[in-house]
Amino acid sequence: MRVMQEIIAKVEEKDPQQTEFIQAVTEVLDSLDSTVDRHPEFVKAKIYERIVEPDRTIIFRVPWVDDTGEVRVNRGFRVQFNNAIGPYKGGLRFHPSVNLSIVKFLGFEQTFKNSLTTLPMGGGKGGSDFNPRGKSDAEVMRFCQAFMRELYRHIGPDVDVPAGDIGVGGREIGYLYGYYKKIVNEHSGVLTGKGLEYGGSLIRPEATGYGSVYFSAEMLTTRDESLEGKTAVVSGAGNVAQYTVEKLNRFGAKVVTLSDSSGSIVDEAGIDAEKLAFVMELKNVRRGRIKEYAEKYNVPYYAAKSVWDVVREQNLPLDLAYPSATENEIDAADAQALVANGCICVTEGANMPSTLEAIRVYQEAGILFGPAKAANAGGVATSGLEMSQNSMRLAWSRQEVDRRLRDIMKSIHRAALDAAEAYGKPGDYLAGANIAGFIKVAKAMYAYGIV
Ligand code: NDP
């Protein structure tokens, strides 16, 4: 569709170095082509052009002092992408690879994901090129305080509500929130992923992984399949990966891989509850490397290999794939290996883990594909539930939050399927999720006039 191609070309021309952002815009706009004829008003009001431009981008200096007394300087980001349907909402990522392109891609995707959850949340994302690896708790605390010293003036419970992402877990949220509370002198729901003692929600740590498994269960049902007895491959060993493994085990599937940025392990006997407890202690408390799993349980470790390299090179048989580490983990060759080795369903726990070429391979093979903005929306949905509990000044039980999470994942699945059907792309979850997420935001933007 010419309208879309022109917009993608303009984005490429304006920011040619922002490759991840261009990739995300291409993925979304390609699947919105069928909305153009139905909504000439969106074309006239230039909604498509406006939606690819963030409301604002904040970039700031983060100076802090390390344990040796040396001054360090990092760069901080907050991209407030779109608040048409609610306050900006999206995580903070601390990782050396963080740059404007990555934060923009994440904020853009977040806008549609948040819309899909049915909760009133706009899209934003932020972070820093700070590397928490190898830093002491005191250094992480000083960094978080320095980061919040600038961020606090841009956020608020009705303005922008950040959460965690890669490198930002419970410890970092505690330091960030503690400092915000100190300087603003306000105890409010300005961050999500908080500890239970100070406004957090039960099930929030589990929500992205659990939600991703719930979403895959819904997809499998459409083909009269279930998770029980299936072999699953999971990448990453962080928050999303851990709770994906936990829920897959509960559904009777067997998980045979995990990874971190140093390498991957394969455990053909399955990562059961006891082994998962070891991983959680290793990664969340001791902050060690996944290699230790291989040493403890005497299973193969593949240094400097991703899970997808291992599937490809070792011909690892599998039924289900849950990429849960980072963006662009799976390229076309990896996707071909997945299909050749028996994969019937790819569920994206991470954000944009599949390249555009990999997605084409899934689509041509006709396997089930749950795109990130639908499949991993359980995390932000539960953040939305945390915001509701903070506003009402009450706390729901574990069962209550889990029930709401499961219902939300079911309704996201249904919304994606229905939109795909209504716009002539039956069974295409990628198009369906993009269209369903887009229409709500676009209608709100249209209602506001040119602002
Ligand atoms: P964590 O920091 O808890 O874990 C990330 C895991 O992925 C770690 O095992 C890490 O290895 C590995 N990893 C990170 N970057 C790379 C890389 N460049 N190459 C190889 N491995 C890498 O993050 P989360 O689990 O929270 O996030 C994982 C993904 O899920 C991200 O894409 C995130 O955006 C997405 N997501 C997270 C949500 C959440 O609620 N947490 C919500 C929705 C999406 P190492 O241990 O070596 O650092």
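Reader: How are helix 6 and helix 19 oriented to each other?
Author: In this predicted model, helix 6 (residues 100-116) and helix 19 (residues 429-447) pack with their axes 8 Å apart. The angle between them is about 85°. Angles of 65 to 115 degrees count as roughly perpendicular. Helix 6 and helix 19 are therefore roughly perpendicular.

Reader: Which classes of residue make up the contact of helix 6 with helix 19?
Author: Helix 6 contributes Thr111, Phe112, Ser115 and Leu116, which meet Ala433, Ala436, Gly437, Phe438, Lys440 and Val441 of helix 19. Sorted by class, this contact has six nonpolar, three polar and one charged residues.

Reader: Which residue of strand 9 stands opposite Leu258?
Author: Strand 8 and strand 9 (residues 263-266) run antiparallel and are joined by four bridges. Two residues lie between them, and the two strands form a hairpin. Opposite Leu258 in this pair stands Ile265.

Reader: Are the faces of strand 8 covered or uncovered?
Author: In a regular strand, side chains alternate between the two faces of the sheet. In strand 8, Thr257 and Ser259 are on one side, with Leu258 and Asp260 on the other. These residues are all buried, and both faces of strand 8 are covered.

Reader: What is the order of the open sheet of five strands, and which strands are at its edges?
Author: Its pairing is parallel, and the order is 7-6-11-12-13. An edge strand here pairs on one side only. The edge strands are strand 7 (254-255) and strand 13 (368-370).

Reader: Which residue is the bridge partner of Val234 in strand 11?
Author: Strand 6 (residues 231-234) and strand 11 (residues 320-322) pair in the parallel sense over three bridges. In that pair, the bridge partner of Val234 is Tyr322.

Reader: At what angle to strand 6 does helix 10 run, and what is the angle for helix 13?
Author: Helix 10 (residues 239-250) lies across strand 6, strand 7 and strand 11. Its direction is at about 170° to strand 6. Helix 13 (residues 307-314) also packs on the sheet, touching strand 6 and strand 11, and its angle with strand 6 is about 130°.

Reader: Is Thr382 buried or exposed, and which backbone oxygen lies 2.8 Å from its side chain?
Author: Thr382 is in helix 17 (residues 378-392). Its relative accessible area is 0%, and buried means under 20%, so Thr382 is buried. Beyond four places in sequence, its contacts include Ser201, Arg204 and Val401. The backbone oxygen 2.8 Å from a polar atom of the Thr382 side chain belongs to Gly378.

Reader: Which side chain makes a polar contact with that of Lys275?
Author: Lys275 is in helix 11 (residues 273-285). At 13% relative accessibility, Lys275 counts as buried. Among the residues touched by Lys275 are Tyr293, Tyr297 and Asp267. The polar contact, of 2.9 Å, joins the Lys275 side chain to that of Asp267.

Reader: What distance separates the C-alpha atoms of Met148 and Tyr180?
Author: Met148 belongs to helix 7 (residues 137-151) and counts as buried at 0% relative accessibility. Its contacts beyond four places in sequence include Ile155, Leu176 and Tyr180. Met148 and Tyr180 are 32 residues apart along the chain, and their C-alpha atoms are separated by 6.5 Å.

Reader: What is the phi of Lys46, and what is that of Arg287?
Author: Lys46 is in the loop between helix 4 (40-44) and helix 5 (47-51), and Arg287 is in the loop between helix 11 and helix 12 (291-297). Lys46 is partly exposed at 44% relative accessible area, and Arg287 is partly exposed at 42%. Neither residue is a glycine, yet phi is positive: near 55° for Lys46 and about 55° for Arg287.

Conventions. Residues numbered from 1 in each chain as written. Predicted model: local features only at pLDDT ≥ 70, side-chain atom pairs only at ≥ 80, totals over all residues. Heavy atoms only, no water. Axes fitted to C-alpha atoms, helices over the stretch in contact; angles between N-to-C directions. Parallel < 35°, antiparallel > 145°, perpendicular 65-115°, else oblique. Contact = heavy atoms within 4.5 Å. Nonpolar A, V, L, I, M, F, W, Y, C, P; charged D, E, K, R; others polar. Buried < 20%, exposed > 50% of the residue type's maximum accessible area, 1.4 Å probe, protein only. Polar contact = N/O pair within 3.5 Å; in protein donor to acceptor, adjacent residues only side chain to side chain. Pairing = 2+ DSSP bridges.
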